[in-house]
Every structure is written in structure tokens, then in C-alpha cells.
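Hi,

Here is the structure I promised to pass on. Have a look at it first, and then read my notes below.

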Amino acid sequence: MSKAPARPAGATRTAGSPRARTVAAVALGGGAGAAARHAAAVHWPTPAHGFPWTTLGVNIAGCALIGVLMVLLTEARRTRHPLLRPFLGTGVLGGFTTFSTYTVDIARLLAEGHARTALTCLVATPLAALTAVWLAAQATRGLLKGAGR
């Protein structure tokens, strides 16, 4: 078996390299996830001075899906395509869940003088998101165990 020639120092990776494919998968997935997140905001807008229910709901749903995905990819006894996790986990679900919007929502609430609502959002979002990941992962493990994997 012949070995591929060494790349000269300073040479860049080609578009077909594993790193380039991974970056492309994350970028494509991220675009899809961000578009879905934007669609949620358009169809379920947060009222002026209101609690950011859309952001909370998106983050809870996305984190639950991350819990399901990670169990399926790491614990189910099947061979998976190596770009599935970067595309779905980092890309789609990373673009869909939006903790940057969460911080903007908190800043907006504080600027509008709604410190209690901002504090509620600040605490509730990460607690709900982490709970969603854990519950979804546990449920998925239970389903896999019941199905005999």
C-alpha cells in the first residue's frame, strides 16, 4: 500500500479533505437550523415588553433534540456517517438553538426596565434546556433498551 505524498509546509487543505467536508456540513446544517429558528420567531413573535417564549421554546426543543441525537449517535449500535453529528448536532441544532438571542432578550428586558422578567429568563432558560437534554436522553435510552437496541 503506497503512502500519499507529504504536503509541503504551508500548503492548504483541498476542498475534498475531511476537515473541509466537516466545515461544509456544519455550515449547511447551521444555515438550515438558523432558518428554522428565524421561521419560529416570525410565526411566534415575542410581544413588546413580553417574556421571550419563542426563544425559550426553541432552546428547549432544540436541546431535547440534541439529547435524542447524541444518544442515537453514541449509544445505538449502528455505524453512522461521520458527517451526521457535525451536520445535525453542531450545524442544524446548533443553528436552531440560540443562546445569543437569549442574551439579547435579557438585555432588552433590562433596558425596558423589566428586571424580574429578565432574571426569570436568565435562570429558566439554561435550567429548562439542560433538563430537556437530560430527559430526552433518558427517554431515548429507555426506548433503545426496550427495543433491544
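What follows is a short tour, from the whole chain down to single residues.

Before anything else, please keep in mind that this is a predicted model.

The overall picture is quick to tell. The protein chain has five helices and zero strands, so if you walk along from the N terminus you read α-α-α-α-α. It runs to 149 residues, and 30% of them count as buried. If you take the contacts with a separation of 6 or more, 73% of them are between residues 24 or more positions apart.

Now for helix 1, residues 18-43. I checked its length: 26 residues at 1.5 Å each should span 38 Å, and the end C-alpha atoms are 37 Å apart, which agrees. Its buried residues are Ala25, Gly29, Gly30, Gly33, Arg37 and Ala40. What lies over them? The cover includes helix 2, helix 3 (84-96) and helix 4 (99-111).

Gly30 is 64 residues from Gly94 in sequence, yet their C-alpha atoms are 6.5 Å apart in space. Gly94 belongs to helix 3 and, with a relative accessibility of 38%, counts as partly exposed. Arg37, for its part, is touched by Thr55, a residue of helix 2. Is Thr55 buried or exposed? Its relative accessibility is 5%, under the 20% cut-off, so Thr55 counts as buried. Leaving out residues up to four places away in sequence, Thr55 also touches Thr98, Thr101, Tyr102 and Asp105.

Helix 2 (residues 53-75) has another partner, helix 5 (residues 115-146): the two pack at an angle of about 35°, and their axes are 7 Å apart. Their crossing is right-handed. On the helix 2 side, the residues making the contact include Leu56, Ile60, Cys63, Gly67, Val71 and Glu75. From helix 5 come, among others, Ala124, Ala128, Ala132, Ala136, Thr140 and Leu144. By type, the residues of this contact divide into 15 nonpolar, four polar and two charged.

Happy to go through it with you on screen.

Best wishes

Definitions and conventions
Residues numbered from 1 in each chain as written. Predicted model: local features only at pLDDT ≥ 70, side-chain atom pairs only at ≥ 80, totals over all residues. Heavy atoms only, no water. Helix = DSSP H or I, 4+ residues; strand = E, 2+ residues; numbered from the N terminus. Buried < 20%, exposed > 50% of the residue type's maximum accessible area, 1.4 Å probe, protein only. Contact = heavy atoms within 4.5 Å. Axes fitted to C-alpha atoms, helices over the stretch in contact; angles between N-to-C directions. Left-handed = near helix turned anticlockwise from the far one by under 90°. Nonpolar A, V, L, I, M, F, W, Y, C, P; charged D, E, K, R; others polar. Expected span 1.5 Å × (residues − 1).
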